[in-house]
Amino acid sequence: MVSGAAQTWRQFGDGPLSRITSRVYILLAVELLLLLTIVPGLLPLLLLGRDPSNLPLVALFLVPVGPALSAALYALRQQRADLTDLRPAALFWRGYRANAFGVLRIWVPTLLWLTVLALNLAYRGAVGLATWWTVPLVLIAVAVTLGAANALVITSLFDFRTRDVLRLAVHFLVRTPAVTVGNVLLLAAAAGVTAVLSEAVLMLLASIAALAFLRVSEPMIHLIRKEFTA
C-alpha cells in the first residue's frame, strides 16, 4: 500500500500540471528571496532623481544585486522541477553563501567601470571629450557589461579562480555569439522596462529575468561543463 501511494505521488509529480505548478512555485520563491536581498539597496534608488550626479550612489545601491542575482541563477539551475523535492530557498541561500565573495570581486569593479564611463558620457563637455568619443565609450560600456554577465553566470555555477573566470567570460563573448546577442536583447529589454515603466516593475520581474538570463547562457554553460570541468 505504501509503495503504491509513493508510486502515485511520483506519477503526480511528473505530470504536466505538476511541472507547471512547481515552476511557478520556484519562480515565486526565488522572486521573494531576490526582493528580500536587493530591496534594502534598491529602495533608496527608487527615490533618487534621474540626474547624472547621482550615478555614484546608483552604483553603490546596486552592489547587493550581484550576489542576489548569482544566488537566483544557482537556485534556478540546481532546482529540479519535482514537487517531491522543491528546495528553492535552501538552494538560494547555499548559492548566496558560496558565491557572494567571488561575485563581488567581479561585480564591484564592473560597477566602478560603468560609473566612470557613464559620468564621462554625461559630462562629456565638462571633461573636454569630443562628440565622437560617445560611440567608443558606449561600445566599451556594452562590452564590459556583456563580459560581466558571462562572468556572473560562470562564477555562480562553477568553481574557478577569478582570473580564469574573466578569461572564460571574454573568450565566450566570441565563442558563443548567440549568448552575446541574447544578453544584448535582455539588456535592451531591461532598459526599456526601466525607461518606460520603472525600476520597481523590473524588480517584480526579477526571477523571470534571471531565468531568461540562465536560458540564454545555456550554450556557454554546456561548453564550459564539457571542456573545462572534469
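Predicted model: local features only at pLDDT ≥ 70, side-chain atom pairs only at ≥ 80, totals over all residues.
## Helix α4

Helix α4 spans residues 65–78, 14 residues in total. From first C-alpha to last, α4 reaches 20 Å. That is close to the 20 Å expected at 1.5 Å a residue.

Most of α4 is covered, with 12 of its 14 residues buried. The buried residues are V65, G66, P67, A68, L69, S70, A71, A72, L73, Y74, A75 and L76. R77, also in helix α4, is partly exposed, because its relative accessible area of 27% falls between the 20% and 50% cut-offs.

## Salt bridges

The whole structure holds 5 salt bridges. One of them joins R77 to E218, with the closest N and O atoms 2.5 Å apart. This pair links distant parts of the chain: R77 sits in helix α4 and E218 in helix α12, 141 residues apart. E218 is partly exposed, at 23% relative accessible area.

E218 also meets R215 in a salt bridge, at 3.9 Å from N to O. R215 is partly exposed too, with a relative accessible area of 42%. Together, R77, R215 and E218 are linked in a network of salt bridges.

R167 is exposed, because its relative accessible area of 55% is over the 50% cut-off.

## Aromatic pairs

There are 5 aromatic pairs in the structure. F92 and W93 make one of them, an edge-to-face pair. Their ring centres are 5.3 Å apart, and the planes stand at 90°. F92 is buried, at 0% relative accessible area. W93 is partly exposed, at 30%. F92 and W93 also belong to one aromatic cluster with Y96.

F172 and F228 form another pair. Their ring centres lie 6.3 Å apart and their planes are at 80°, so the pair is edge-to-face. F172 is in helix α8 (residues 162–175), while F228 is in the segment after α12 (218–227). The pair therefore ties together parts that are 56 residues apart in sequence. F172 counts as buried, at 0% relative accessibility. F228 counts as partly exposed, at 37%.

## The second largest pocket

The second largest pocket contains about 240 Å³ of space. Its lining is made up of 16 residues. Nearest its centre lie A98, N99, T155, F158 and D159.

Which elements give two or more residues to the lining? They are α4, α5 (88–122), α7 (134–157) and α8. Helix α5 gives the most, with 6 residues. By type, the lining divides into 8 nonpolar, 6 polar and 2 charged residues.

Conventions:
Residues numbered from 1 in each chain as written. Heavy atoms only, no water. Helix = DSSP H or I, 4+ residues; strand = E, 2+ residues; numbered from the N terminus. Expected span 1.5 Å × (residues − 1). Buried < 20%, exposed > 50% of the residue type's maximum accessible area, 1.4 Å probe, protein only. Phe/Tyr/Trp six-rings, centres within 6.5 Å; stacked < 30°, edge-to-face > 60°. 1 Å grid on protein atoms, 1.4 Å probe; cavity = no way out; pocket = protein on both sides within 12 Å on 5 of 7 lines; lining within 4 Å. Points joined across faces, edges and corners; volume = space filled by probe spheres on them. Nonpolar A, V, L, I, M, F, W, Y, C, P; charged D, E, K, R; others polar. Salt bridge = Lys/Arg side-chain N within 4 Å of Asp/Glu carboxyl O.
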